Amino acid sequence: MNRPNNNNNYNNNNNRNRNITTSGGSSSSSGSTQGGRVPLARYVNERKNEVQQLMSAIIVKKNNSRAFQSLPRYLRRRTMSTRIYRVPLHIRFRARKEMEKCANSNKTGQVINTKKGKVLRKAKRRPSYLLRDYERRQRTYKWLETHIWHAKRTHMINLWKHRIALKLNVKSFRPTFRASSHFSTIYDASYNGCFELIGERQSIIDMLKQMTPPDSLSIGANLYVTGSREGNSMLYYPNRYPFHLISPIQFLWKQQQDYNNNNDNNKKQSQIWIWVHASTIDTVQSVLEEQSKRYNLQLNSLCGELQRFELTGPKSNAVLQAVLQPFDSSTGLMDYTSDNAKVWYALSQLRSAATLPPGTVLSLNVMDPRLICKVPPSIAHAVGSVSKPSILNQQQQQQQQQDQLNNIILNWNQFKVAISPLQDKESRQSMSANIEPISQIYQRRKNPLSKTQFSSPSILLIQRDGGLSRGYGSGWDIIVPKSWGTSFWIPMIYAGAWAIALENRDTFLLEQGIPSFPGDFPDSHSYSEYHKIMTQETVSKYNRTPKGKRPNYLNNCIYFPFELNWQWILRYQGDDLHFNNNNNNNNSNKNNMNQTSDNSKKQRTETTTSSPSTTTTTTTTTTTTTNNIEDKSLPFFVYRGKLAMSLLPIKKPVMKNNKYETYTQNQPNPRGLVRVSVRMYDGGKPMTNSVIYAPTDFDLERLNNKYTQKHYGSIELDVGHPSDPETFYKETNRKPIGYVVKGEQSLVRGIGSGIGYCSAVSFVNIHLKAYEKSITPLGFAFIQNPTSRMLYPVILTLQP
């Protein structure tokens with residue numbers, strides 16, 4: 001094989017190098033090659049350009065990296081891809097070009113319109129931008145005036161077309177409970193609606209008479225017509241009691257200076273406020289509009305024009321005394337001489353609002369609370385979040401002041417202290433429009449001795465009675481005009497009131513044994529809508545949980561763990577009720593459902609329209625009902641008030657055999673429910689959606705045994721695992737008769753308690769069996785929590 005000649009290659013390279021001439025060589029001035037030689041200057045310049053291109057290629061990567069990615073890693077920031085001001089200045093121009101290119105092209109690479117740049121955070125914090133942003137966010141769900149305060153401290157929820165505080169951010173419940181039992185709590189209930197009816201007093205009474213229970217105290221009673229007290233009632237569709245409940249209501253007549261209880265006043269123009277729950281505002285408004293046209297009444301909607309706060313606890317009166325200072329706007333001085341101011345100063349001696357008669361109303365024209373905002377010593381020393389002033393030596397109450405206070409409590413209806421400018425439209429709008437901004441308030445605090453005029457609102461104070469005999473849950477409701485909500489809210493917080501949310505309020509009502517609307521009213525349409533919203537998270541969490549980690553409801557024979565089936569309890573298989581608002585149809589078939597006393601028959605006659613599948617109870621009145629409107633009602637109703645109490649069996653002594661004869665005033669309707677108080681008999685606590693079971697004869701005999709009476713214990717279900725609720729109902733000996741709609745461990749009573757609804761027929765049968773066997777306590781039954789197969793003994797007590 002021939003080997004390559006390396007010497008020849010070496011010689012050829014040397015010959016090429018010799019062709020390059022120096023600058024002093026025999027090259028032409030034009031730099032052109034002469035005799036195959038290249039000029040040195042031209043050669044060096046060309047090589048220099050190549051080296052520069054090589055260096056630029058090394059420094060700048062030929063890939064899809066962004067400008068900020070060319071920086072060292074310790075200089076990179078996450079926000080550089082979206083905020084140009086985070087990119088260093090020497091590459092900011094290139095980064096801006098890249099961001100504009102991304103904004104002008106979509107995924108397909110086509111050029112589209114350039115969108116407006118993102119607003120800087122500095123510009124977003126300006127008041128004008130915040131105001132526009134808040135208005136935009138309230139288009140679907142309206143904010144309360146205290147929304148900004150609540151949003152920082154509570155979990156918010158979209159409910160009833162409002163943004164409402166659901167629960168506090170704190171994890172413990174006991175501090176809030178101590179505040180409600182020993183201090184004061186405050187709750188913003190401004191989402192509720194208010195309607196105003198104006199017309200002849202008798203026409204208003206006749207219209208509302210056919211929409212309220214006939215066995216309760218009438219809206220036209222002298223106790224309420226004077227305007228010195230606020231009343232409570234239930235609102236139904238016209239002439240459909242006890243079916244088709246709409247909502248609980250609170251009503252307040254406008255107090256008049258020259259009121260006398262005679263027939264002439266019934267023809268004068270009167271005014272009444274009706275407060276309804278936020279979930280029923282649209283329904284109530286449509287019903288009242290239709291009825292007011294028939295009675296020549298004027299209906300005005302005050303929704304959003306009034307703010308209502310609920311203060312609960314024994315220190316509620318002390319909080320209000322620290323914030324509210326009577327003021328005379330005509331003189332610009334503090335008010336000490338008017339009757340309203342004298343009554344308010346006399347009430348400063350009260351330890352609790354439970355001392356006053358229920359529903360008492362007091363009107364006050366007060367100084368702007370933002371200018372006062374003082375903390376009472378008793379509240380300051382109990383609450384650690386406020387400053388502690390020096391303790392003042394309180395003087396003993398004089399006998400004259402005590403006598404004056406007793407006179408006010410006993411003769412409240414004789415005082416004309418409920419007349420308020422807040423009930424006048426022009427005055428109410430003027431107070432809302434002339435509120436001073438907070439910047440002027442700060443200037444006034446610097447110069448407290450200035451004699452310039454300032455805004456002074458008029459408010460209404462309404463006493464609220466608690467559900468327990470010792471006064472737990474009592475307090476004050478304060479009604480203020482629009483735009484004054486935050487001006488009163490923050491000073492009352494500084495004065496020692498603890499803010500609570502919706503869940504806390506429902507728990508406090510449960511402690512009092514009072515049902516909360518709409519969660520504890522199964523005979524209203526708002527009940528199903530409310531539970532559908534509140535159980536969404538519970539159902540979603542249950543579906544996300546693995547089967548081995550979640551309770552097996554079917555194994556526990558719980559067939560309705562999230563949505564209660566009342567027809568299964570009542571054993572009702574018919575269709576829903578259809579009501580026809582025609583007076584001729586209502587009067588065509590009239591049969592007595594309940595056997596009432598002769599006195600009640602003289603006042604009102606309860607009639608029943610019976611058919612093979614439905615039983616409709618109506619109330620006959622002298623007025624006619626609306627025409628050509630057909631509404632759908634639930635297939636069951638709830639006994640309330642005196643009608644519920646008439647179902648309880650009564651023991652009547654018989655002289656012949658020295659025994660007692662048991663009878664009931666009214667026979668229960670198969671489609672009726674009764675509200676009961678559930679109290680654990682031997683420990684434990686009832687859970688929401690627990691099933692209530694009726695005891696057997698063996699259970700009652702075991703209860704009569706002195707050895708098992710004190711410690712009855714729990715028992716297990718007597719059936720297997722049927723997959724069908726109807727099969728379970730046939731096989732079990734203890735029949736289900738109701739549900740627990742809300743239950744928890746009561747911190748007031750120290751035992752597990754709750755609120756439930758039972759079949760009226762089954763509840764009466766339980767009492768009749770107990771009377772026959774002479775067994776105490778009455779109302780003995782069982783409950784089954786959804787997470788267990790065990791049955792726990794409870795005591796059921798009727799709640800009218």
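Me: In which helix is the place of valine 319?
Reply: The model under discussion is a predicted one. Its chain holds 29 helices and 30 strands. Among these elements, the one in which valine 319 has its place is helix H12.

Me: Is valine 319 buried or exposed?
Reply: A residue is called buried under 20% relative accessible area, and exposed over 50%. The relative accessible area of valine 319 is 0%, and therefore valine 319 is buried.

Me: Which residues is valine 319 in contact with, leaving aside its neighbours within four places in sequence?
Reply: Contact requires heavy atoms within 4.5 Å. With neighbours within four places in sequence set aside, the residues that valine 319 contacts are Ser184, Leu311, Met492, Ala495, Gly496 and Ala497.

Me: How many Å apart in space are valine 319 and proline 491, C-alpha to C-alpha?
Reply: In sequence, 172 residues separate valine 319 from proline 491. In space, their C-alpha to C-alpha distance is 9.2 Å.

Me: Why is helix H12 described as largely enclosed by the rest of the structure?
Reply: Helix H12 covers residues 316–323. Its buried residues are Ser316, Asn317, Val319, Leu320, Gln321, Ala322 and Val323.

Me: Which elements do the buried residues of H12 pack against?
Reply: The packing partners include both strands and helices. The strands are S10 (306–312), S14 (458–464) and S15 (475–481), and the helices are H13 (339–346) and H18 (485–494).

Me: Where is the place of glutamate 305, and is it buried, partly exposed or exposed?
Reply: Glutamate 305 lies in the loop between strand S9 (298–301) and S10.

Me: Which residues does glutamate 305 touch, not counting residues up to four places away in sequence?
Reply: Glutamate 305 and arginine 428 are 123 residues apart in sequence, and their C-alpha atoms are 8.3 Å apart in space. Not counting residues up to four places away in sequence, glutamate 305 touches Arg428, Pro481 and Lys482.

Me: How many disulfides does the chain come to, and what is the distance from the sulfur of cysteine 194 to the nearest cysteine sulfur?
Reply: A disulfide needs two cysteine sulfur atoms within 2.5 Å, and the count by this rule is 0. Cysteine 194 is buried, with a relative accessible area of 1%. For cysteine 194, which is in no disulfide, the nearest cysteine sulfur is that of cysteine 303, at 7.4 Å.

Me: Which helix gives the largest share of the lining of the second largest pocket?
Reply: The second largest pocket holds about 1500 Å³ of space. Of its 40 lining residues, the closest to the centre are Glu503, Thr538, Thr688, Gly743 and Glu744. Two or more lining residues come from each of strand S3 (162–168), helix H19 (502–512), helix H20 (525–534), helix H21 (536–544) and strand S27 (736–745). The largest share, 5 residues, is that of H19.

Me: What percentage of the contacts in the chain with a separation of 6 or more is between residues 24 or more positions apart?
Reply: The chain has 800 residues, of which 45% are buried. Among contacts with a separation of 6 or more, the share between residues 24 or more positions apart is 71%.

Methods. Residues numbered from 1 in each chain as written. Predicted model: local features only at pLDDT ≥ 70, side-chain atom pairs only at ≥ 80, totals over all residues. Heavy atoms only, no water. Helix = DSSP H or I, 4+ residues; strand = E, 2+ residues; numbered from the N terminus. Buried < 20%, exposed > 50% of the residue type's maximum accessible area, 1.4 Å probe, protein only. 1 Å grid on protein atoms, 1.4 Å probe; cavity = no way out; pocket = protein on both sides within 12 Å on 5 of 7 lines; lining within 4 Å. Points joined across faces, edges and corners; volume = space filled by probe spheres on them.
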